[in-house]
Amino acid sequence: MRALRALGAMLALCFALALPAPAYAHASLVDTDPVPGAVLEQAPETVRLQFSESVAPARAVELVQPDGRALTVALRGGGKVVIAELPELPQRGTHVLSWRVVSSDGHTIRGSLPFSIGEPSAVVVSAAVDDDRAVLYTVLGVLLVVGALLAVGLAWSRTLLVHERARRRARRVLLAGAAVASAAVVARAVLVSREIDRVLASEVVAAVLVVLGAALLVAGAWRGWVEDGWAGARARAGAALLGGALVLGGLAAVGHSRAAEHPWLAGVATVLHAGAGAIWAGGVLALALGGGAALARFATRAWLALLVVTGAGVLLATTIYDSWSDLAETDHGRVLVLKVVLVAAAALLGLSQRLRLRGSDPAMPGAGGLRLEACLLVGVLVATGVLGEASPRPSDDAPLVVERAATHGDLEVRVRVAPARVGVNQVEVTVRDPRGAWVPLAAPATLTARHGESRVGGELHPVGETNLITTVLSDDGTWRLDLALPLSRYESPVLSVEVPIAP
């Protein structure tokens, strides 16, 4: 019954990872000039991007012109504001700026900003998304986490290896994990520095900590499982403890915790979460390599590690998610759900192994079960690496323009709202006849936008074949737009459309 109660507590804590949480502080685009989807009479000389926290701009980005040709655009600035210096833009139509910056936690943030000169293009050509670069960062993140935590876990689980053959196997795995983690963190630092044309301090700190810690783990382990006296054993234990602490600190230096509202608290939680996970995964792997002879000694340690993993994970979740919906609407949330499922499965398997010990010889546990549990925990580490690179915010590549249509007789009225988010928005209204020809208005159209008690609006300004107004939509939710369209001196119908405004 005690084991069942522990399992129930573990499952409750696992699912608590998905509880709603207060806002987090990861970098995001909060304002632009011009606004996304803006229609301008003249070409702008610069584009201003403002973020929620300090970022480092990429060396160069692309601006795709209406004819599909791409121009290289330099970014300057830093802090919360980045400026794109635009070349002369002679073409009329929709241009798309594909921007890319690196946040303070070392993660790349990218998005697109469309704007039009004269009038929007019938077909908008966007810059190709650099998926290969994003995949490379994710692969490096997974290799870093898996290699680092397996090396730390095996170094801290050396007492579970009672046979020399198992010790030799574990040494080889530890060496491979340390080498992979060191190579991944250095490669990541080099890639980030090349992308922003300068060295990012957090990446350098992470690389130094991980490489130095991995060296200590290898130095302590290479002779650490061969008895040569009490003093030597203490030195090796100290090297393993210090090396593991350095590696975990390096992981925290490039994690999402750097961008949390309370980075020190999130950093401590990250170290505890990763350290306990290393103890659990490394211990199970050590038992699988050694046949599971020390399973009875490891059981209590494993349950304590699970409780720390879950408790620290809950604390980290409170710095990341706003609501339940983030678990389904973001890649980060979906990977976290998968991770929780893998943790629960590994815990159930570990519980079954512990129950088997009560009715059998403790020296003869199921080796197959240990290998399966080790595979599940490696899967947990892979998910952890993916979480470190995935953005916990909904994608900034979501549609930036909401379009609605209404009719008056045989006329079609098209309404475009950009970026359809709380703040400054541009409303564009176009009237066309059944043949698709532009219908000019006899006088300026007027807009009244309503949401609850909020009410804004004013006159629209004719620009080419469209009518424009820039207004502030202060709340998220569904806004009703009432448009008075003076088609002639005697006819001025009022048409209404509803548009969703995102936070």
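I take helices (H or I, at least four residues) and strands (E, at least two) as DSSP runs, numbered from the N terminus.

**Ground rules.** I am working on a predicted model, where local features need pLDDT of at least 70, side-chain atom pairs count only at pLDDT 80 or more, and totals for chains, interfaces and linings use all residues. Residues are numbered from 1 along each chain as its sequence is written, and side-chain values use heavy atoms, with hydrogens and water left out.

I looked up α3 at residues 164-196. The helix has 33 residues and spans 49 Å from first C-alpha to last, close to the expected 48 Å. The expected span is 1.5 Å times one less than the number of residues. Asp 197 follows α3 and has a positive phi, near 65 degrees.

Next I took α4, residues 201-222. Its 22 residues reach 32 Å from first C-alpha to last, close to the 32 Å expected. I then listed the buried residues of α4; buried means under 20% relative accessible area, exposed over 50%, partly exposed in between (1.4 Å probe, protein chains only). They are Ser 202, Glu 203, Ala 206, Ala 207, Val 210, Gly 213, Ala 214, Leu 217, Gly 220 and Ala 221.

**A cis peptide.** Asp 33 and Pro 34 are joined by a cis peptide bond, with omega about 10 degrees. I placed Pro 34 in the loop between β1 (29-33) and β2 (38-40).

**Ser 116.** I found Ser 116 in strand β7, residues 108-117. Is Ser 116 buried or exposed? Ser 116 counts as buried because its relative accessibility is 4%. Its side chain makes a polar contact with the side chain of Thr 94 at 2.7 Å. A polar contact is a pair of N or O atoms within 3.5 Å; within protein, one must be able to donate a hydrogen and the other to accept it, and residues adjacent in sequence count only if both atoms are side-chain atoms. I also checked contacts, meaning heavy atoms within 4.5 Å. Leaving out residues up to four places away in sequence, Ser 116 touches Ala 38, Val 39, Leu 40, Gly 93 and Thr 94.

Strands β8 (402-408) and β9 (411-418) run antiparallel and are joined by seven bridges. I count two strands as paired if DSSP finds at least two bridges between them. Glu 403 stands opposite Arg 416 in β9. Two residues lie between the strands of this hairpin, and Gly 409 in the turn has a positive phi of about 65 degrees.

**Val 439.** I found Val 439 in the loop between β10 (423-432) and β11 (446-451). Val 439 is buried because its relative accessible area is 19%. Beyond four places in sequence, Val 439 touches Leu 411, Val 431, Arg 432 and Asp 433. Its C-alpha is 9.7 Å from that of Val 413, 26 residues apart along the chain.

**His 461.** This residue is in strand β13, residues 461-463. His 461 counts as exposed because its relative accessibility is 51%. Setting aside neighbours within four places in sequence, I see His 461 in contact with Thr 466, Asn 467 and Leu 468.
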